[in-house]
Amino acid sequence: MDPLTPEHAEQRRGEPQRATAATSDASKALPAALPLAESAERFWRTVLDVARIVIVSLIFAFVFRAFFVEPFIIPTGSMAPGLLGEHRTLACPHCGGESELSATGWRRADSSFTCATCRRTVAESAAVAVRKDGDRILVHKWSVALAPPQRWDVIVFRDPENASQTYIKRVVGLPGETVEFRDGDLWINGAPKAKPPHAQAALWHPVFDQTQLDRKS
């Protein structure tokens with residue numbers, strides 16, 4: 001064995017120090033790399049969780065809409081004033097009263113309407129009009145299975161010849177009945193049939209409300 005010279009001893013003493021320094025540098029680099037990997041893993045885990053929630057929510061929404069409740073927008077004014085389709089709210093320039101009119105023929109040069117409050121004939125061009133969409137409703141699909149429709153119920157049904165066409169109407173005749181309209185009155189099996197209070201209330205329009213005047217005074 002060769003004897004150690006002072007140079008060799010100095011070299012041997014420096015080797016452990018260099019090894020320790022290299023190990024220390026590697027240990028310092030590891031903590032910096034670990035957080036980046038953990039952040040990427042957390043990010044993709046969050047993306048997967050959100051994707052699962054969205055997919056499950058869409059499935060429940062489609063199932064709920066197909067079998068339980070479906071939203072509809074009233075397209076026309078055939079059920080007015082209880083349910084309004086696309087319409088305009090016009091403010092009378094004489095009394096300020098508001099009236100809802102169908103959007104059909106909006107702003108024709110000869111269009112006019114009768115104010116529901118002061119009963120004056122007003123040209124549409126002289127009234128302040130705001131156009132509005134039809135009313136939005138939710139239709140319960142299981143109610144017919146639980147109980148048959150009753151007279152004066154509002155129902156939604158599809159056209160037998162065109163399934164894409166949906167109608168909303170009020171039931172007036174039941175199976176086996178004879179339905180007639182005489183001078184604007186409904187007759188069932190040869191006898192007049194008046195609307196009950198809850199159905200009639202949907203057609204009433206307030207012309208003058210004394211309570212509003214009392215509050216102002």
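## A buried tryptophan

At 8% relative accessibility, Trp 152 counts as buried (buried is under 20% relative accessible area, exposed over 50% and partly exposed in between, with a 1.4 Å probe and protein chains only). Trp 152 belongs to the loop between helix H2 (143-146) and strand S8 (154-159); helices (H or I, at least four residues) and strands (E, at least two) are DSSP runs, numbered from the N terminus. Although Trp 152 is not a glycine, its phi is positive, at about 80 degrees. Most residues other than glycine have a negative phi.

## About the model

This is a predicted model, in which local features need pLDDT of at least 70, side-chain atom pairs count only at pLDDT 80 or more, and totals for chains, interfaces and linings use all residues. Residues are numbered from 1 along each chain as its sequence is written, and side-chain values use heavy atoms, leaving out hydrogens and water.

## An exposed arginine

Now look at the loop between strand S4 (112-114) and strand S5 (121-123), where you will find Arg 119. Arg 119 also has a positive phi, near 65 degrees, and with 55% relative accessibility it counts as exposed.

## Rings and a charge

Rings of Phe, Tyr and Trp (its six-membered ring) pair if their centres lie within 6.5 Å; planes under 30 degrees apart count as stacked, over 60 as edge-to-face and the rest as tilted. The count by this rule is 3 aromatic pairs. One of them joins Phe 43 and Trp 44 edge-to-face, with 5.2 Å centre to centre and 75 degrees between the planes. Phe 43 is partly exposed at 47% relative accessible area, while Trp 44 is exposed at 55%.

Elsewhere, the charged end of Arg 182 sits over the ring of Trp 187, 4.0 Å from its centre (the rule asks for NZ of Lys or CZ of Arg within 6 Å of the ring centre and within 35 degrees of the ring normal).
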